[in-house]
Amino acid sequence: MANAEQKFKESKLQVEINGKLVAIEQIKSERGDFYANTLVIPAKDTLSNPKRIVVYSQMPIGPEESVVDSTFYLRSSFKNRNGRWFNTLSLWSEPAN
């Protein structure tokens, strides 16, 4: 017999990141301005390459060249292009509303 009320565990859509803030770009959009903060995450060893990621925020997450050690939140968005749905995940300094 199926449970009438399905219960889900809370999804933890957050990521701990430690890296160097190397660039900040202000983005103007119809829904309001925000910032794209580019972080470089150190490589795990000398044979690996450091990773670059972008974290979006309402304000810059720090001064350029500073070390950032914080929690960021995954946000999902869907777009329909020519009848096909595409899902995009992005990192934000604030949780989704």
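## Basis

Residue numbers start at 1 in each chain and follow the sequence as written. The model is predicted, so local features need pLDDT of at least 70 and side-chain atom pairs count only at pLDDT 80 or more, while totals for chains, interfaces and linings use all residues; side-chain values use heavy atoms, with hydrogens and water left out.

## Barrel and strand pairing

Five strands form a closed barrel in the order β1-β2-β3-β5-β4, with mixed pairing. On average, neighbouring strands of this sheet are turned by 50° against each other, direction ignored. Strands are DSSP runs (E, at least two residues), numbered from the N terminus. Two strands pair if DSSP finds at least two bridges between them. Axes are lines fitted to C-alpha atoms, and angles run from 0 to 180 degrees between N-to-C directions.

β1 and β4 run antiparallel and are joined by seven bridges. Within this pairing, Glu16 has Thr71 of β4 as its bridge partner, and Gly19 stands opposite Val68 in β4. β4 also pairs with β5 in the antiparallel sense, over nine bridges. There, Phe78 has Asn87 of β5 as its bridge partner. The hairpin of β4 and β5 has two residues between the strands, and Asn82 takes a positive phi near 55° in this hairpin.

## Segment before β1

Lys12 lies in the segment before β1. Its relative accessibility is 60%, so Lys12 counts as exposed. Buried means under 20% relative accessible area, exposed over 50%, and partly exposed in between (1.4 Å probe, protein chains only). The C-alpha atoms of Lys12 and Tyr73 are separated by 8.7 Å, with the two residues 61 apart along the chain.

## Nonpolar core

The largest nonpolar core has seven residues: Ile17, Leu21, Leu39, Val55, Val68, Phe72 and Leu91. β1 (14-27) and β4 (67-81) are the elements that give two or more residues to this core. A nonpolar core is a set of buried Ala, Val, Leu, Ile, Met, Phe, Trp, Tyr and Cys residues joined through side-chain atoms within 4.5 Å. In soluble globular proteins, nonpolar side chains tend to be buried together.

Leaving aside neighbours within four places in sequence, Leu91 is in contact (heavy atoms within 4.5 Å) with Val15, Ile17, Ile53, Val54, Val55, Tyr56, Phe72, Tyr73 and Leu74.

Asn37 is found in strand β2 (residues 34-41), and Ser57 in strand β3 (residues 51-57). Asn37 counts as buried at 0% relative accessibility; Ser57 is also buried, with a relative accessible area of 0%. Their side chains make a polar contact at 2.9 Å. A polar contact is a pair of N or O atoms within 3.5 Å; within protein, one must be able to donate a hydrogen and the other to accept it, and residues adjacent in sequence count only if both atoms are side-chain atoms.

Not counting residues up to four places away in sequence, Ser57 touches Phe34, Tyr35, Asn37, Trp92, Ser93 and Glu94. With neighbours within four places likewise left aside, the contacts of Asn37 include Leu21, Ala23, Ile24, Met59, Pro60 and Ile61.

## Aromatic pairs

Rings of Phe, Tyr and Trp (its six-membered ring) pair if their centres lie within 6.5 Å; planes under 30 degrees apart count as stacked, over 60 as edge-to-face and the rest as tilted. The count by this rule is three aromatic pairs. The rings of Phe34 and Tyr56 have centres 5.7 Å apart and planes at 70°, so this pair is edge-to-face. Phe34 lies in strand β2 and Tyr56 in strand β3, so the pair ties together parts that are 22 residues apart in sequence.

Phe34 is buried at a relative accessible area of 17%, whereas Tyr56 counts as partly exposed at 24% relative accessibility. Tyr56 and Trp92 form a tilted pair, 5.4 Å centre to centre with 40° between the planes. Because Tyr56 lies in strand β3 and Trp92 in strand β5 (residues 84-92), this pair ties together parts that are 36 residues apart in sequence. Trp92 counts as buried at 12% relative accessibility. Phe34, Tyr56 and Trp92 form one aromatic cluster.

Note on methods
Helices (H or I, at least four residues) and strands (E, at least two) are DSSP runs, numbered from the N terminus.
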